[in-house]
Amino acid sequence: MKKCRAVLAIMLLLVMVLSIPAAAQGTGKAYVYNHNFDAQEIPDPYEVTATIGYDLGMVTPVDMVVRNDKLYILDTGHEDSEHSTRLLVLDKNYNKVDEILFTNLRNDTAFSFQEPKGLWIDEEGYIYITDRSAHMVHIFDPNGKIDNSLAKPQSAMVTYEDEAYLPTKVLTDHLGVIYIRVENDYRGFIMMEKDGKFLGYFGSNEVTRTAEAIMLKMWSRWMTEEQLARVQQLLPMEYSNFCIDEAGSFIYGVRATTDDMNELIRKINCKGKNVLDYKEYFGDRNLGSINGQPKNTSFNAVTVDDKGFITAFDSTWQRLFQYTPEGNLMYVFGGTGSQVGTFVRGSDIEAWDDRLLVLDEVYATVTVMEPTTFGKNVRLGETYYSEGNYQASLEPFKAVVTECMNYEFGYQGIGKALYMDRQYEAAMDAFYLAHDQEDYSMAFKMHRGEVMRSLTVPTLTAVIILVVLWAVFKFLKYKGIIKSKKLVLDESGKGKYILHTLLHPIEGYEEMRYNKKYSLGIANTAIFFFFFSSVIMALYSGFIFNGKSAQNYNMIFTICGVLGGFTLFVLVNWLMATFFEGKGKFKEVWIYLGYATIPYSVTCFLYTILSNVLTAEEATFLGYLQILGYGWSLVMVFFALQGLHMYSFKRNVASIAVTILGMLVVLFIIFLMFNLFVQFFSFAESIFTELMYRRAVGF
Amino acid sequence: MKKLFAVLLCVVLLLSFGTVAYAAPEKDTTPSGKVVETIVSGKGDNAETFVFVEAASNDNFILAYDEATTFISLTDKRTGQVWYSNPPVNINADPYVEGIAKTNIRSVLTLNYTNASLKVKDTNSYSGSVMKGSYEIKPVKDGVRVDYTFKELKVTIPVQYTLTDDGMIAEVLFKDIVEESTNHVNTMDFLTYFGAAGEKDKGYLVIPDGAGAIVNFNNDKNVDGMIYNKEVYDFDKACQTESKQETSNEETITMPVFGMVKNGYGFLAEVTSGAEMAKLRAATSGNRLIGGYNIVHTNCTYRVNYEIPLMGQVSSETSNAMYNAQDPVSNETYAVQFHFTDSKETNYMTLAAVYREILTERGWLTKDEISDRFYVDIYGGVNKKKSFFGVIYNARQTLTSFAEAQAMLQDLLDGGVKNITASYLDYANDHFTNDIEVGLVPSKSLGGKNAMADLIKFTNDNGIKMGVKANFVQLPSGGNGFSTFNDTADAINISPIKVYPISLNANTTQLGKKPYYLVDPKAYGKGVDSILAATETYGYSGLYFDEDALQLYSDLNIGGLQRERVSGAQAEQYARLAEAGQELTMSNPNAYLFAYADYMTDIPVCSSKEILFDGDVPFLQAVLRGSKNFGGESMNITDVSDESFLRHIEFGTDMKYALINADSEALLNTEDSFLYSATYTTFAEQIKTRYAEYMTVADAIGDATMVAHSAKNNVSVTEYDNGVKVYVNYTDEAVTVDGTTVEAMSYAIV
């Protein structure tokens, strides 16, 4: 059986090996995502300083561990020897200092493994090796003699069969508790004591109770087994690998799922809770699919270095992602290929001080990478900052952005350092460059406070003067020295009548039919402001609320959306009035609805002003303002149509619904025509290309 | 039962004899000429005898062949070293290879062809022709010719070897290839095992990838399938399907040569005909596909074929189709000329010297006036999308105006930087209007015609060589007398080649972005006419051509020029520009353009750093140094570290920076974000100090040529023919080499 497996393994190896493209093109360009999630090229954060392994005679190294300043590599696949699996020990200069062979307890015969997968060395030097196909975790003493073998824990919580127990990775904490990652076990890591006593699951994923999940649970009663298997995917995904930090305080788990990119990396405290600040999205973004296959990030290894930076290895693209201790992406590097610094099948990564080691199964090498000046500066700045040494963190971050002006993370670092140094205005500038609205808002709040304080005296003075002036004015008016004029906007009271209509829409609009106090000029002005205020809002709203979208803002969309939408509504409504026996003419609909836009426009102006003085925390106020303004306009529209067409309430509602439906129909037809044209042209193009092929190739 | 068993045994025995006979065909033991050498390989039944019969000889060499296998041998009378086309050993002894790889080792040609049902297949000359006895050996003047007939394919491919004074020329006679069926010959691995080094040999392969790299024999990097395989002169964009243009950090092969140093003997081979369509391949021993040999060789193209997705869609593999160009390439022969050194202590520098002499003789390298220089790329401006009250428009964002460029250069001069070669990029209207860069009208936004005239006068007065960027190859959109319909080179599907930008993270072409087209080589003339007219109008005395402008591609339209002729077409145009008195600065040009380049920039100081490589060597630099003025890649973009500066000193390569005057924030949201660190003020001091340091080395070297180079434990020595030795120490501690102490991260001149 074993031989059979060996043959199979060789065949698999052959198949796999032959499928490596000859001299695959390397990528290896480092990048980072900006606020728009576009990949931006940055200088290399790490450089390869050594490649270990060509002279070590490794066959298929599967896992490695750094412990006590030594590197342990578990090498498998020595089929020509009775010791098919061995443990290499390397010192700091990557010289081989020892090779441990595994033996049985009694008679130094070779210990036989079936499918060794994971390696761990505990603080006392005991060696833990998972044997996937043997469903065992073996523990050896530091000399390689078998000490204990742990099978599947006997507990009601571990529900699956013995054969389904596939341990692949193992580690221990400083209390000696053993954590085992089991393939296909989504409950978390199995916790055991050294004697095999089951302690429970650790770091379980919380099942997300989305509406979808609940619905599926209900449906599952009537599902076939095949469908049920598919539903299983909705369960929280299993971990693919894990590591523990030096102090033993956190276990870092990574997941290999490719459909839900949230919480792919988790920093789990002793209570089993994910304590990362950033949990949202890990791995590559906007990759699309290649030949219909999604090529999303899939982490298969993770390590945490002496400064707490988390590095995860993506087995899809053979890339390394380094995150801050809070889970914020710093940079991405590595890649597939045949160049130094790229990999074919990286199976494990380890941090050794600030060095990163990547184990490549196919090349049977360990690639050693060290931070470049750029990488060092990023890490230094971040480390100083998290230590509370804000002043010191400024220098490295400034060096970072000098070296790479694309690097928003660097500006963010500068901003945070300046903020802590109470230089709020400078911090705002930095956060603006970093496109960090949240932190910008914080800095702005502090800055606004400062400005307000400095303005207290002049403001108070101005208020007092105004109050006095107002009192004097009132007094003079009361005495009759100043005669009050009635507010007349224009066209004999039509202007004033607008104000009346705005405040009393039902009465105002109904009377308007008879008193004819409406004007096309005023309506057109209102519609112009309807458009103009939308543009102003898009262009001049504050950075906190609007980001930098103004830079890419294109007026065409507002013209189509606001003016086009308004015209279409008026047109369709007027047409529909025929069915509903509405009395309004086109011009009247235009004017009546034009008046109704005024509250909206005013709101837009107000919003624009307020968004420049409010912070993100005060966003609710802006929300209320918008609801009020927009709602007011909607109410106006409703009563305008009711008053104009002399509809009943019910008929008005029906007419508006039909108007909206009509608008959709018109849009649909436009869209259809457009699509038809596009398809026609692409069809013609394909025919042309195909003809060209035939003409050229002849067969 | 017993009887049955006996019969079975007989059958098995017979079969096994059969297989032995299959592996080692019957031989005609009577040689037809003077026997040069007889080799018996293997023992007992496995023994095989090779009898090499003289075909030709001259003062230095004897060329011989083995009639049974068509192996050839070349005896160097000067050194006594014998070089074989294939290892003359019994292949059954090779512990690595199986199946077809065994006959590959015995083949001169490994053939890739498309059969009648449009399937692409492989065969080799040993199994397809020699084992079937369908080959013919003919004597020719100074050599021998072997016609391999692949009976099953009805294809005959003649190979010819002729002696030269310092080696031989090996050719695949393209013009005499006969295809009597619908089987189309595509590519061939030629002389894969020539000089193949076994597991006991010591030495290395020399690969001109980037600056150059060596691959040590038996370097244990024997992952199966790990074969270095790269197009000479970079890949052909006409043969890259839209989904397959890949991004990479790779350097290119600019010289069509390769070399081997084996036990102190060595050769340099140059592809003298057909290099444009060749690939360079190399591998080390222990490889299941290669066997126990270290090899370097070329793959030549007879007929272009590649896979394209049907109907232009990027879809699954199955709907891709293999397309063959109708006509084979136009060159009459594919020729590789081998030059053997007569030294027993050959190294890569000896081989570089061989090539330098060849190029000098050919006139591609002339002894230019050498003055070590400082190179600078100045970027004029970039289009930036701006919005005025919601109306989006393309604004011309100034990065360095003509006046600012002048001030920048003045500041460098004041700082002691002499001998500046400046390349001015993105200064012309063409750049901003997305037109082919042949109009060369100085943009008004940067100061216009008069400011440009001032700048030119300033550079002339101060001895600065300034080349303004031109490009008659890349066509971003129609205009300047070019149309995207008539003047574009086509891919194999007869639709224009479109080159899209590549996304960093997904490694695929960004089809949503704007592509550029490539100009039909037949339309080069009018572009150059326009450039020449502009040089008169605006008084330019130098032109700069970047890597994209120098790219080599095919036009696969019917009657179009393929790469092997496009190189000539480009050279012809550069000759016109040179004749008109223009000084040309070229970015890492290919060998066929060496003659026209007055200044070269972007000469890499590293290789592609393939895992297979064991070290980067200044091979390209050794060829150029003393004959050409050249600078490296923009340090502030690629690697600005001290280590990179030291590498320039080690490799005798002048520095280059890419600079702009504006703050780098001006680049945000533009296509030039690759200049992420290029603001002049950031680097002014660094340039001045580094230049002063560099000149102490450069002055000592003068116009000497590089004669030796070695590197060990991060300390390197580069030796020049005027006796100057430059030591560079990359370690953190001072070291003493040959009695010279070199400080940590520093250099010393002796």
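Helix axes here are lines fitted to C-alpha atoms over the stretch in contact, and the angle between two of them runs from 0 to 180 degrees between N-to-C directions. Keep that in mind for the first stop. The model is predicted.

**Stop 1: a helix pair in chain A**

Select residues 505-515 and 586-596 of chain A. These are helix 10 and helix 14, packed at an angle of about 145° with axes 12 Å apart. Their crossing is right-handed. Now show side chains. From helix 10, A:Y509, A:M512 and A:R513 make the contacts. Facing them from helix 14 are A:E588, A:Y592, A:Y595 and A:A596.

**Stop 2: chain A as a whole**

Zoom out and colour chain A by secondary structure. There are 17 helices and 27 strands. Of its 699 residues, 49% are buried. Switch to a surface view. The accessible surface of chain A is about 35,300 Å², and carbon and sulfur atoms account for 61% of that. Take the contacts in chain A between residues at least 6 apart in sequence: 54% of them join residues at least 24 apart.

**Stop 3: the largest nonpolar core**

Move to chain B and select B:Y161, B:M188 and B:F338. In the largest nonpolar core, which has 192 residues, these three touch the most other members.

Centre on B:F338. Beyond its neighbours within four places in sequence, its contacts include B:M168, B:L191, B:F194, B:F258 and B:F267. B:D166 and B:G167 are also among them.

A second, separate core has 57 residues. Among its members are A:Y331, A:F333, A:Y407 and B:A678.

**Stop 4: B:F374**

Select residues 374-379 of chain B, which form strand 24, and pick out B:F374. Is B:F374 buried or exposed? With a relative accessible area of 0%, B:F374 is under the 20% cut-off and therefore buried.

B:F374 and B:T421 are 47 residues apart along the chain, yet their C-alpha atoms are separated by 6.1 Å. Leaving aside neighbours within four places, B:F374 contacts a run from B:V417 to B:T421, as well as B:L412, B:M655, B:Y657, B:I687 and B:Y691.

**Stop 5: the cysteines**

How many disulfides does the structure hold over all chains? The count is 0. Select A:C604. The nearest cysteine sulfur to A:C604 belongs to A:C560, 18 Å away. A:C604 is buried, at 0% relative accessibility. Finish on B:C606, also in no disulfide. Its nearest cysteine sulfur is that of A:C404, 20 Å away.

Definitions and conventions
Residues are numbered from 1 along each chain as its sequence is written. Chains are lettered from A and ligands numbered from 1 in the order in which they are written. This is a predicted model: local features need pLDDT of at least 70, side-chain atom pairs count only at pLDDT 80 or more; totals for chains, interfaces and linings use all residues. Side-chain values use heavy atoms; hydrogens and water are left out. A disulfide is a pair of cysteine sulfur atoms within 2.5 Å. Buried means under 20% relative accessible area, exposed over 50%, partly exposed in between (1.4 Å probe, protein chains only). Helices (H or I, at least four residues) and strands (E, at least two) are DSSP runs, numbered from the N terminus. Contact means heavy atoms within 4.5 Å. Accessible areas come from the Shrake-Rupley method with a 1.4 Å probe; for residues, only the protein chains shown count as cover. A nonpolar core is a set of buried Ala, Val, Leu, Ile, Met, Phe, Trp, Tyr and Cys residues joined through side-chain atoms within 4.5 Å. A crossing is left-handed if the near helix is turned anticlockwise from the far one by less than a right angle, and right-handed if clockwise.
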